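Open the structure in your viewer and get ready to select a few pieces in turn. Each stop below says what to pick and what is there.

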There are 2 protein chains.
Amino acid sequence: MLKTRLHFDSPQQEAYLGLWRTYDRLREIEERLFSHWGLTAQQYNVLRLLEASHVDAIPTLSLATNLVSKAADITRLVDRLETRGWVRRERSKTDRRTVLVKITEAGNELLNQIASSLDQCHQDQLGHLAAGELEKLVELLRKVRTPHEASDSHWI
Amino acid sequence: MLKTRLHFDSPQQEAYLGLWRTYDRLREIEERLFSHWGLTAQQYNVLRLLEASHVDAIPTLSLATNLVSKAADITRLVDRLETRGWVRRERSKTDRRTVLVKITEAGNELLNQIASSLDQCHQDQLGHLAAGELEKLVELLRKVRTPHEASDSHWI
DNA sequence: GGACAATAGTTGTTCAAACGAGTAAAATCT
DNA sequence: AGATTTTACTCGTTTGAACAACTATTGTCC
């Protein structure tokens with residue numbers, strides 16, 4: 001029904017919409033995978049962050065700011081993970097304001113179960129690009145977001 | 001608190017997470033802008049699609065599939081736009097199943113009011129990249145998503 | 001050391017996204 | 001022409017995101 005190709009108002013708009021569209025297409029692939037485990041991508045990222053950290057427990061808000069996509073709703077996100085037995089919370093003894101989150105054995109097992117199909121998922125998403133293209137893409141994306149990163153972010 | 005940089009399991013994962021992160025940073029900038037008008041980016045895109053189309057009315061589901069990000073919930077999205085007076089709906093006379101959506105004069109005015117600050121927003125997002133870098137980025141993003149586009153999509 | 005501010009998290013509420021089931025009209029297929 | 005399928009939404013429900021207000025604890029500054 002729609003025959004006209006939309007024009008873009010600026011190269012910057014074209015790039016942003018292309019970025020959005022591309023993310024949306026790849027996201028669909030990943031979310032289809034995670035839904036098999038009743039997980040969202042955000043929930044997975046919390047578990048991944050907890051697993052990959054060299055410390056065994058992370059304060060709740062530190063989780064929130066270090067996720068790929070910032071979680072305003074970190075409390076209830078962790079609630080759901082705790083309900084399912086993948087993480088455990090305990091109040092810090094040195095600072096009774098902070099709540100430390102750690103991954104459980106069940107959480108680790110879940111990550112192990114997911115690992116190989118997630119790797120395959122990333123291949124499905126991006127396996128058609130050559131190594132050099134991926135590098136260039138990663139580099140350009142970093143250049144795009146660097147001015148928009150908070151200084152304390154993990155994601156520079 | 002988190003000192004370790006996460007390693008990536010594969011270049012493809014690195015690229016995907018970089019894409020997600022980058023989109024998330026730029027999205028925040030755009031959504032801050034749209035929130036001044038009580039709009040979401042998706043709602044804006046519906047209006048933009050309606051305005052840019054050479055036909056004056058578009059079937060509801062055709063809208064849904066041609067948005068930057070697919071809208072499962074297109075009915076209520078259009079509901080909200082209609083409530084605010086920015087679009088109007090009418091049932092097609094030739095096919096009584098389809099509902100045609102068209103932008104109103106108020107909707108067009110809204111787009112005009114937004115235009116200049118949105119352009120500025122895109123500059124804030126991406127103005128720090130050189131023209132050649134933007135081109136390269138747009139090209140790489142297209143290459144990434146092409147295999148994941150439906151054949152009838154606007155977004156190849 | 002007491003007032004004030006900052007930090008860390010929680011809770012309430014509203015709004016939007018996701019998923020599936022349901023309805024009505026049109027197209028297709030004997 | 002009647003049964004079946006497909007198309008084009010629509011609606012109900014559950015879940016998650018966004019924003020702001022609130023509590024508890026710690027830090028700071030005369």
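Predicted model: local features only at pLDDT ≥ 70, side-chain atom pairs only at ≥ 80, totals over all residues.

On H6(A), pick Ala131(A), Leu134(A), Leu137(A), Val138(A), Leu141(A), Arg142(A), Val144(A) and Arg145(A). On H1(B), the partners include Pro11(B), Glu14(B), Ala15(B), Leu19(B), Thr22(B) and Arg25(B). Color by class: the contact has nine nonpolar, three polar and five charged residues.

Next, select both sides of the whole contact between the chains. Chain A gives 58 residues and chain B gives 58 residues. Which elements of chain A each supply at least two residues to its side? They are helix H1 (11-35), strand S1 (58-59), helix H3 (60-66), helix H5 (105-126) and helix H6 (131-145). H1(A) brings the largest share, 17 residues. By class, the side of chain A that touches chain B divides into 27 nonpolar, 18 polar and 13 charged residues.

Last stop: stay within chain A. Select helix H2 (residues 41-52) and H5(A). These two pack at an angle of about 110°, with axes 10 Å apart. That makes H2(A) roughly perpendicular to H5(A). Show Leu47(A), Arg48(A) and Glu51(A) of H2(A). Facing them in the contact are Gly107(A), Asn108(A), Leu110(A) and Leu111(A) of H5(A). This contact has three nonpolar, two polar and two charged residues.

Note on methods. Residues numbered from 1 in each chain as written. Chains lettered and ligands numbered in written order. Contact = placed C-beta atoms within 7 Å. Helix = DSSP H or I, 4+ residues; strand = E, 2+ residues; numbered from the N terminus. Nonpolar A, V, L, I, M, F, W, Y, C, P; charged D, E, K, R; others polar. Axes fitted to C-alpha atoms, helices over the stretch in contact; angles between N-to-C directions. Parallel < 35°, antiparallel > 145°, perpendicular 65-115°, else oblique.
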